[in-house]
Number of protein chains: 2
Amino acid sequence: MSRRKSYHHGNLREALLEASIRLIAEVGPTAFTLREVARRAGVSHNAPYRHFRDKEDLLGAVANEGFKELTQAMLDEAALKSNRDALDRLRGAGLAYVKFALRRPEHFAVMFDAPIAKVDDPEAGEVPKRAFDTLLNFVKVCQDERQLIAGDPLELAFLSWSIVHGIAKLAIARRLPYESQAEVLKFAKFVLDQSLPACPGTSAAKQ
Amino acid sequence: MSRRKSYHHGNLREALLEASIRLIAEVGPTAFTLREVARRAGVSHNAPYRHFRDKEDLLGAVANEGFKELTQAMLDEAALKSNRDALDRLRGAGLAYVKFALRRPEHFAVMFDAPIAKVDDPEAGEVPKRAFDTLLNFVKVCQDERQLIAGDPLELAFLSWSIVHGIAKLAIARRLPYESQAEVLKFAKFVLDQSLPACPGTSAAKQ
DNA sequence: CAAGCAATGTGGACATTGACAACATTTATA
DNA sequence: TATAAATGTTGTCAATGTCCACATTGCTTG
């Protein structure tokens, strides 16, 4: 059943990344082992070391894959609401953030629970930054359209991030009294409505 | 240098807990090992099994210790502001939450990053609950004094929790652009001012 | 196009770990 | 006081991360 005919795999790095993501989804980041990943990729227990410095380096690459997907998820959700308020799009991005976290809780944990790993690729650090910039952009548009209070857009972006991150983390840790994804998202909607500092008179008018 | 003269330790369970908390603070939850804890407590590598089912059980007990300290920290901080607004006390509790997380980031991680462990003690599950009830109480008082919007106090407590939890987690993960605890706390204050759904005309009047 | 070097994969080794079983010592109870 | 229950110890095992030496392949350069 060996998928590989030649000595060299040809695309081992990608295969290891995919296998890692799947393994983490199954057993969690703690029970994740390098050797099991190698087994699943059909290579010896030492092959991964040709592509990743060590376990931490591989997990760093896994995290970066997560940030790419997260960015895309936020963009997609906001695109669905292209005909709505800027604030609706920002809220949509926030909900997409929570949705992603609920759909891939273990992957999400790898992205945020470990110390930021220095991936070999020097531009790797840009990937999480792009995720944040996505959020930042939505904030800026809201401010341009006077739907969010004026002020440092960076600060407001970090505020928005903190809110959805807190909801996501608590939901994953099962500390919120909501069972289904739908319930969590309803709560997230409530929090975003109440807590994004919208300008009075917008669609977010409280009460 | 054995601190122990008799075969039996006398208070090994507590000693293991303390050693664990210190070890985790030093090396983080990942590098934490049962055997090193045993070494530090001056007992054999198997002694811990007489007091904890397994590693996870010990970490669960460590987590509960954290929840006790967290509850106390919130109460203390609010007590300092006993002569202020109810909303100020709620904000104080929130800041105490963030402060605790920054002071013991690894301990905080044990409390929230692992699946909720079933500690043997059947009333152990009450400890995290008490931490939340502390927050819930501050919310209720705010509502009684018309400083927070009306509505389900539970929902508002979870909203408050989500906000401070998000800030704490992002700060620990070094995803916020703030270096010092003071900077993080200033940001936390900003977020709480902007995002707790205060009634108009209170001390939290926005802008 | 050939030779040799860099890249990639393998097998073996080692210290460390969590956990189990069997045994030792102490404390408490009947 | 005898004997059972608690508590601590030593021995063992499979699994893991990482290192090393070696094998195989692909690519470059003369």
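Is helix 4 of chain B mostly covered or mostly exposed, and how many of its 18 residues are buried? Helix 4 of chain B is mostly covered, with 15 of the 18 residues buried. The model is predicted. Chain A holds eight helices and zero strands.

**Chain A overall**

- Read from the N terminus, the elements of chain A run α-α-α-α-α-α-α-α.
- The C-alpha trace of chain A spans about 65 × 35 × 30 Å along its principal axes.
- Chain A has 207 residues, and 43% of them are buried.
- Among contacts in chain A with a separation of 6 or more, 68% join residues 24 or more positions apart.

**Helix 4 of chain B**

- This helix covers residues 86–103 of chain B.
- From first C-alpha to last, helix 4 of chain B reaches 25 Å. That is close to the 26 Å expected at 1.5 Å a residue.
- Arg103(B) belongs to helix 4 of chain B.
- Arg103(B) has 13 C-beta neighbours inside 10 Å, so it counts as partly exposed.
- Arg103(B) and Gln181(B) are 78 residues apart in sequence. Their C-alpha atoms are 8.7 Å apart in space.

- Gln181(A) sits in helix 8 of chain A.
- Gln181(A) counts as partly exposed because it has 13 C-beta neighbours inside 10 Å.
- Between Gln181(A) and Arg103(A), the C-alpha separation is 8.7 Å. The two residues are 78 residues apart along the chain.

**The interface between chains A and B**

- Chain A gives 27 residues to the contact, and chain B gives 27 residues.
- On the side of chain A that touches chain B, the elements giving two or more residues are helix 5 (105–113), helix 7 (153–172) and helix 8 (181–195).
- Helix 7 of chain A gives the most to that side, with eleven residues.
- By class, the side of chain A that touches chain B has 16 nonpolar, six polar and five charged residues.

**Helix 7 of chain A against helix 8 of chain B**

- Two packed helices are described by the angle between their axes and the distance between the axes.
- Helix 7 of chain A and helix 8 of chain B pack at about 75°. Their axes are 10 Å apart.
- Helix 7 of chain A and helix 8 of chain B are therefore roughly perpendicular.
- Helix 7 of chain A brings Glu155(A), Phe158(A), Leu159(A), Ser162(A) and Ile163(A) to this contact.
- Helix 8 of chain B answers with Phe187(B), Phe190(B), Val191(B), Gln194(B) and Ser195(B).
- The residues of this contact divide into six nonpolar, three polar and one charged.

**Helix 1 against helix 3 within chain A**

- Helix 1 of chain A covers residues 12–31, and helix 3 of chain A covers residues 55–80.
- The axes of helix 1 and helix 3 of chain A come within 10 Å and cross at roughly 80°. That makes helix 1 of chain A roughly perpendicular to helix 3 of chain A.
- From helix 1 of chain A, the contact takes Leu16(A), Leu17(A), Ser20(A), Ile21(A) and Ile24(A).
- From helix 3 of chain A, the contact takes Leu58(A), Ala61(A), Val62(A) and Glu65(A).
- This contact has seven nonpolar, one polar and one charged residues.

**Positive phi in the loops of chain A**

- Arg146(A) lies in the loop between helix 6 (126–144) and helix 7 of chain A.
- Phi of Arg146(A) is near 60°, a positive value in a residue other than glycine.
- Arg146(A) counts as partly exposed, with 13 C-beta neighbours inside 10 Å.
- Arg174(A) lies in the loop between helix 7 and helix 8 of chain A.
- Arg174(A), a residue other than glycine, has a positive phi near 60°.
- Arg174(A) has 12 C-beta neighbours inside 10 Å and so counts as exposed.

Conventions
Residues numbered from 1 in each chain as written. Chains lettered and ligands numbered in written order. Predicted model: local features only at pLDDT ≥ 70, side-chain atom pairs only at ≥ 80, totals over all residues. Helix = DSSP H or I, 4+ residues; strand = E, 2+ residues; numbered from the N terminus. Expected span 1.5 Å × (residues − 1). Buried ≥ 20, exposed ≤ 12 C-beta atoms within 10 Å, placed from the backbone. Contact = placed C-beta atoms within 7 Å. Nonpolar A, V, L, I, M, F, W, Y, C, P; charged D, E, K, R; others polar. Axes fitted to C-alpha atoms, helices over the stretch in contact; angles between N-to-C directions. Parallel < 35°, antiparallel > 145°, perpendicular 65-115°, else oblique.
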